[in-house]
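Please look through the sequence and the model shown here before reading on. The paragraphs that follow take up one part after another, with the residues and elements named so that each can be found.

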Amino acid sequence: MGVNDLSPRLQTRLGKLEMQNPVTVASGTFGLEYDDFFDLNRLGAYVTKTITLHPKIGNPAPRLYETEAGLLNSIGLQNPGVDEFLKSQLPELREKLSIPIIVSFSGGTIEEFITTLKLLEQAQGIDAYEVNISCPNVEKEGIAFGVDALVVYELVRRLRALTAKELIIKLTPNVTDIAGVAVAAEDGGADSLALINTVQGMAIDPLTGKSRIKMGMCGYSGPAIKPIALANVFKVAKRVKLPILAMGGICTWQDAMEFFYAGAGAIAVGTYTFVNPKACMDVINGLDKHFIDNDMTLKEIIGKVYL
Amino acid sequence: MYNKILQIKSIEHLNDAYFVIGIELGESALEILPGQFFEMKRPEFAHPMLRKPISVYDVQGSTVFFMVKKLGKGTQQLSHLKAGDELDVLGPLGNCFPVKDGSMAILVSGGIGYPPLFYLKKQLETAGKTVYWLHGGRCNDDVFPADETWTDDGSCGKRGFVSDGLSAYLENVTPDVIYACGPQQMLKAVHQLAEKHQVPLYVSLEEYMACGIGVCHGCAVKVKTDCEIGVTYKTVCKDGPVFDSREIVWE
């Protein structure tokens, strides 16, 4: 099947972003390398790994550990920095992809976010931004930006002033009140929300007492976090009007359906791509068949969970 | 590179800890290079989710062999395979051992570091090189045919570390190149000997992996660069698993 062979039943909209289908990839879990496994232009959109103002070499090894139904990771936002991204990575992405490109970026201070966005704004070929606010705020003793609604409001408000493009704020689940943070992002001027980032986790060798991950605490992803992600999407969808891009343990088209019913307008496959390199494609095809077989459209089921 | 579900052609148990799986890969088997690996898992098990990286041990015609050591749940599941069972494979992955000019190569392996060097030895001998292989392990189960074998407990071959054997050997012979695969501490000791004797050394590294194709940056190895801070991380799965030992930051 070619790019345009999918039924319009799958078309969706994330704020200003038109998507041919609701399936994209979670930042950090995908790259052009997957071109060997399926036509990447079949995706609803492409999301880059998180870019920062300066290059980051990432965290020391071990960075990964698989535990029951999930994967712990501590990559440390390894990336070449915004200048190198614009010089070498973005042109390659734009050359190979005709679908929307969503650039994920982050920073250690509000000023770093601003400077990075100003640099990204000068480039051609970016369709949307996903703002990763799960990283430590250097000016607030390393507490993540995304846990403090006031900080999130201020950050989003200042980024909003710099761009007319789709501004997606990616929320962390490691908070007391994710809906409160979502409201702050909405008030600040976000176009849409992405949730959830990884859940904080840890694993220890029971025989030696040594942490499985060099940095100790890390991010947990995979099927184990799907119910957590689903509850968070449900909570946020009840409080804000913004469209939601949902992720957290999605492996199959049935998983995706749960998130649509909970309130998501689009979804991302993350960790499961490492298990099935063409997982995104299987989800798209599964949804397409299900919608045709049942004569339904995506738009009519978003948020229609009943109790 | 491909992801396929294939049937096991053969499985042979060498001892309680090690076994060899054979799979039929058709013409693509001919393209596999020494040092490359595949990620594999049994498709019927949900846990572990991730495939385990396993080095290519040998290629005979269109059949590819993998020597596996039972270490965790994934390799335990593989050990129970029978001929005809299904295996989910992703590969071939990674770079390969470079074959250099010169006539004499030394191989140094420890434990499950043995298989990639076995396939390399075949390639080197086909190219007309002289090969001397030192292999070490904890105990008798870890020992496989080599020119010189060492065990920690003396249960097979000489008692001591394989790096002790290499140290003695290098007093009399200067090879053109050394290839090594094994535990980190062994590789570090071999690196120090190679530096002392000014011999190029290529090591095959092991690290916990997820994607296997350079996307997730999970399998990081610290290497020297000429950038400001002098170090960066490369991926074992895509940039490696074979590295020039001088490039690595040995910690």
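Of the contacts in chain B with a separation of 6 or more, what percentage is accounted for by residues 24 or more positions apart? In this predicted model, the share of such contacts that comes from residues 24 or more positions apart in chain B is 62%. The secondary structure of that chain consists of four helices and 16 strands. Its radius of gyration is 18 Å, close to the 18 Å that the globule rule gives for 251 residues, so chain B is as compact as a globular protein of that length. Taken along the principal axes, the box filled by the C-alpha atoms of chain B is roughly 50 × 50 × 35 Å, and 45% of the 251 residues of this chain count as buried.

One covered element of chain B is strand S8, made of residues 104-110, in which six of the seven residues are buried. S8(B) pairs with strand S9 (residues 130-137) of chain B in the parallel sense, and seven bridges hold the pairing. Within this pair of strands, B:Leu107 has B:Trp133 in S9(B) as its bridge partner.

Chain B also touches chain A: 21 residues of chain B are in contact with 24 residues of chain A. On the side of chain B that touches chain A, strand S14 (220-224) and strand S15 (231-235) of chain B each supply at least two residues, and S15(B) gives the most, with three residues. Sorted by class, this side of chain B has 14 nonpolar, six polar and one charged residues.

Turning to chain A, the reader can begin with an open sheet of eight strands, in the order S3-S14-S13-S10-S9-S8-S7-S4, where the pairing is parallel. Its edge strands are strand S3 (23-25) and strand S4 (46-47) of chain A, each of which pairs on one side only. S4(A) is joined by two bridges to strand S7 (residues 101-105) of chain A, and the two run parallel; the bridge partner of A:Tyr46 in S7(A) is A:Ile101. Helix H2 (residues 110-121) of chain A packs on the sheet, where it touches S7 and strand S8 (128-132) of chain A, and the direction of the helix makes about 155 degrees with that of S7(A). Towards another part of the sheet, H8(A) lies across S3 and strand S14 (266-269) of chain A and runs at about 170 degrees to S3(A).

Helix H2 of chain A contains A:Leu119. Is A:Leu119 buried or partly exposed? With 17 other C-beta atoms within 10 Å, A:Leu119 is partly exposed, because a residue counts as buried only if 20 or more lie within that distance and as exposed if 12 or fewer do. Leaving aside neighbours within four places in sequence, A:Leu119 is in contact with A:Val82 and A:Leu86. A:Leu86 and A:Leu119 are 33 residues apart in sequence, while their C-alpha atoms are 8.7 Å apart in space.

Another helix to follow is H4 (residues 178-188) of chain A, where A:Ile178, A:Val181, A:Ala182, A:Ala184, A:Ala185 and A:Glu186 are buried. The buried residues of H4(A) pack against helix H3 (149-160), strand S9 (166-170), strand S10 (192-195) and helix H5 (226-239) of chain A. Just after H4(A), A:Gly189 takes a positive phi of about 110 degrees.

In soluble globular proteins, nonpolar side chains tend to be buried together. Here the largest nonpolar core has 169 residues, and among them A:Leu193 and A:Val233 touch the most other members. Helix H8 (residues 279-293) of chain A gives the most to this core, with seven residues. Apart from its neighbours within four places in sequence, A:Val233 is in contact with A:Leu195, A:Ile244, A:Ala246, A:Phe259, A:Ala262, A:Gly263 and A:Ala264.

Chain A has a further open sheet, of four strands in the order S5-S6-S12-S11, with antiparallel pairing. Strand S5 (64-67) and strand S11 (199-201) of chain A stand at its edges with a single partner strand each, so one side of each is left without a neighbour in the sheet. From one strand to the next, the twist averages 35 degrees. Strand S6 (residues 70-73) and strand S12 (residues 218-221) of chain A run antiparallel and are joined by three bridges, and A:Leu71 has A:Ser221 as its bridge partner in S12(A).

Conventions
Residues numbered from 1 in each chain as written. Chains lettered and ligands numbered in written order. Predicted model: local features only at pLDDT ≥ 70, side-chain atom pairs only at ≥ 80, totals over all residues. Core = buried A, V, L, I, M, F, W, Y, C linked by C-beta atoms within 7 Å. Contact = placed C-beta atoms within 7 Å. Pairing = 2+ DSSP bridges. Axes fitted to C-alpha atoms, helices over the stretch in contact; angles between N-to-C directions. Rg over C-alpha atoms; globule rule 2.2 N^0.38 Å. Nonpolar A, V, L, I, M, F, W, Y, C, P; charged D, E, K, R; others polar.
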